[in-house]
Amino acid sequence: MAKEATRAAYGKALAELVQENENVVVLDADLAGSTKTAEAKKVCPERHFDMGIAEGNMMAVAAGMAASHKIPYASTFAVFATGRAYDQIRNSICYPNLNVKVCATHAGLTVGEDGASHQSLEDIALMRALPNMKVFQPCDGVEARAIVKAVADIDGPCYVRLGRLAVDTVNDPDTYKYEFGKGIVMKKGAKVAIIATGMMVQEALKAAEQLDFDPTVININTIKPIDKDLIIETAKTHDAIVTVEEHNVIGGLGGAVAEVLADQKERCPQYMMGVKDEFGQSGTPAALLDAYGLDAAHIAEFIQKL
């Protein structure tokens, strides 16, 4: 099975986008090689701006460009984009509802050996709590390319969460179509529904193969606005929902699903798999997923015991 990091797909899509849309501009915080915005710089250097190690300033400049009718894509590591530059995103981008696309890479545990200081496990919570912000997390390179291009036509602030690690390609590049705010049923089953986002979709699909029954596997690629209709219908037709995310269970996908179901009378129990309110640590991506119980084997074991 082919593998590709969503950050690599981002770079390729961005290089195409700057050539297709003259209003797209790219900003980076001295990490163009790692975030892959260097791909856009190769084909359109006059619309690529290296802002240096000054993430807050980069977001403020992006806001100014958006106010001047450009479509800025601002990139750095997720921990810096959403943490160090939170104030500028909140007050300079979201409050005036400006058309800035924050595309952050190296999110989650699978940053790996860089350790807790670089493993952003709270970025979804921070971004989805902001009024006007829309939050996306593609599961593979095919979906990443589609979402990166789609947000250029979605008005207002957007946060796209991207990963460092090369992951399995689970979508067909010839048939895949992204629909804003719509979850995707990757595998139709019964009893238990696994609702996953990002690279956890691959782990959920692998876990499904290890169970002695066929669960439903759902890919939530748009975390805000989330697909409420699909979640409510799933809660009515299954015995349990298990949310799986490479993020803190506080404020992430699990919380978003729980918020949808909180006032529903017809609903099944929900269980959340993710990082349990703690920081990450240094290790290989595989070792970290194992340590935090987020690989396919742990997902399958958890569901089997329900």
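Q: Which residues is Met59 in contact with, leaving aside its neighbours within four places in sequence?
A: Contact means heavy atoms within 4.5 Å. With those sequence neighbours set aside, the partners of Met59 are Ala74, Ala81, Ala85, Gln88, Ile89, Ile93 and Val102.

Q: What kind of model is this?
A: Residues are numbered from 1 along each chain as its sequence is written, and side-chain values use heavy atoms, with hydrogens and water left out. Local features need pLDDT of at least 70, side-chain atom pairs count only at pLDDT 80 or more, totals for chains, interfaces and linings use all residues, and the model is predicted.

Q: Which residues touch the most other members of the largest nonpolar core?
A: A nonpolar core joins buried Ala, Val, Leu, Ile, Met, Phe, Trp, Tyr and Cys residues through side-chain atoms within 4.5 Å. Buried means under 20% relative accessible area, exposed over 50%, partly exposed in between (1.4 Å probe, protein chains only). The largest core has 44 residues, and those touching the most other members are Met59, Ile89, Met133, Tyr159 and Ile226.

Q: Which helix gives the most to this core?
A: Helices (H or I, at least four residues) and strands (E, at least two) are DSSP runs, numbered from the N terminus. The top contributor gives six residues and spans residues 55-67: helix α4.

Q: Is Ala66 buried or exposed?
A: Ala66 lies in helix α4. Beyond four places in sequence, Ala66 is in contact with Pro72, Leu98, Asn99 and Val100. Its relative accessible area is 10%, so Ala66 is buried.

Q: What separates the C-alpha atoms of Ala66 and Thr76?
A: The two residues are 10 apart along the chain. Their C-alpha atoms are separated by 18 Å.

Q: What is the phi of Asp30?
A: Most residues other than glycine have a negative phi. Asp30 lies in the loop between β2 (24-28) and α2 (32-35), and is partly exposed at 42% relative accessible area. Its phi is positive, near 65°.

Q: What is the phi of Asn97?
A: Asn97 sits in the loop between α6 (86-94) and β5 (101-104). At 35% relative accessibility, Asn97 is partly exposed. Its phi is positive although Asn97 is not a glycine, at about 55°.

Q: Is the peptide bond from Lys224 to Pro225 cis or trans?
A: Most peptide bonds are trans. Pro225 is in the loop between β12 (222-224) and α10 (228-237). The bond from Lys224 to Pro225 has omega near 0°, and is cis.
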